[in-house]
Amino acid sequence: MIDFHTHSMLSDGELIPSELIRRAEVAGYRGLVITDHVDESNMECVISGVLKVTGAAARGRGRLKVVAGVEITHVPPSRIAAAVREARRLGARFVVCHGETPVEPVAPGTNLAAIKAGVDLLSHPGLITERAAAMAADRGVALELTSRKGHSLANGHVARMAVKHGARLVVNTDAHGPADLMDMEKARLVVMGAGLGSRDFNRIRKNAEKLLERIAP
């Protein structure tokens with residue numbers, strides 16, 4: 001499993017980063033990106049903290065690749081581009097934006113603003129528009145199919161828009177605790193539940209492998 005969207009106690013997760021890494025390692029993960037929720041108020045301390053742990057993990061782990069990221073969350077669309085630039089300046093290797101999930105009052109326009117800002121992943125993008133899906137495909141922004149309750153309500157729509165417009169899909173947990181981590185069989189169920197097939201699942205796996213290689217060679 002390669003998971004580009006997880007949380008630790010540095011935001012609203014249950015585990016400190018080191019335990020999250022260890023749990024993922026025991027679960028057989030090949031790649032883990034820690035993407036705690038940030039805005040301008042906590043971005044510097046979160047990235048600094050995660051970098052300390054992921055750096056140590058990179059020196060001490062073999063098969064598991066661990067990457068420091070962030071999830072820009074509920075930042076107004078007009079400030080997303082600046083937040084993305086600042087996250088990368090501070091050392092985040094992977095930038096996620098909290099998309100317009102149907103179960104939270106995310107500001108309209110967040111999806112488009114995040115894609116225009118060049119995030120790596122738009123998480124749980126909800127009822128993403130055709131325009132946004134096409135732009136994500138054009139700009140290489142990955143769209144997420146999620147196993148997270150509530151956020152997963154729109155998986156079928158996200159899958160249809162991604163396939164129609166050629167956008168890259170990945171499957172993530174949005175893990176907040178150890179019970180949220182999943183294996184490849186669960187990931188397959190998420191893909192099938194979104195109305196896709198085995199070929200799509202294999203393509204999504206390859207998408208994840210290529211993306212991980214880009215951010216953690």
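**Sheet and salt bridges**

Author: Strands β2 and β3 pair in the parallel sense over 8 bridges. The model is predicted, so local features need pLDDT of at least 70 and side-chain atom pairs count only at pLDDT 80 or more, while totals for chains, interfaces and linings use all residues. Residues are numbered from 1 along each chain as its sequence is written, and side-chain values use heavy atoms, with hydrogens and water left out.

Reader: What makes β2 and β3 a pair?

Author: Two strands pair if DSSP finds at least two bridges between them. β2 and β3 have 8 bridges, and therefore they count as paired. Within this pair, isoleucine 34 stands opposite alanine 68 in β3. The strands themselves are DSSP runs (E, at least two residues), as helices are (H or I, at least four residues), and both are numbered from the N terminus.

Reader: What is the path from β3 to β4, and what is its hand?

Author: The chain passes through helix α3 (residues 77-89), and this β-α-β crossover is right-handed. The term applies if, with the strands pointing away from the viewer, the path from the first strand over the helix to the second runs clockwise.

Reader: What is the strand order of the whole sheet?

Author: The open sheet has 7 strands in the order β1-β2-β3-β4-β5-β6-β7, with parallel pairing. Its edge strands are β1 (2-6) and β7 (169-172), as each pairs on one side only.

Reader: Why is β3 described as mostly covered?

Author: Buried means under 20% relative accessible area, exposed over 50%, and partly exposed in between (1.4 Å probe, protein chains only). In β3 (residues 65-72), 7 of the 8 residues are buried. Lysine 65 has 27% relative accessibility, so this residue counts as partly exposed.

Reader: With which residue does lysine 65 form a salt bridge, and how do you know?

Author: The partner is glutamate 213, with the closest N and O atoms 3.4 Å apart. A salt bridge is a side-chain nitrogen of Lys or Arg within 4 Å of a carboxyl oxygen of Asp or Glu, so the pair qualifies. Glutamate 213 lies in helix α8 (residues 198-215) and lysine 65 in strand β3, 148 residues apart. Glutamate 213, at 43% relative accessibility, is therefore partly exposed.

Reader: How many salt bridges does this rule give?

Author: The count comes to 11. Among them is glutamate 19 with arginine 23, whose closest N and O atoms are 3.0 Å apart. Both residues lie in helix α1 (residues 17-26), 4 residues apart, about one turn of the helix.
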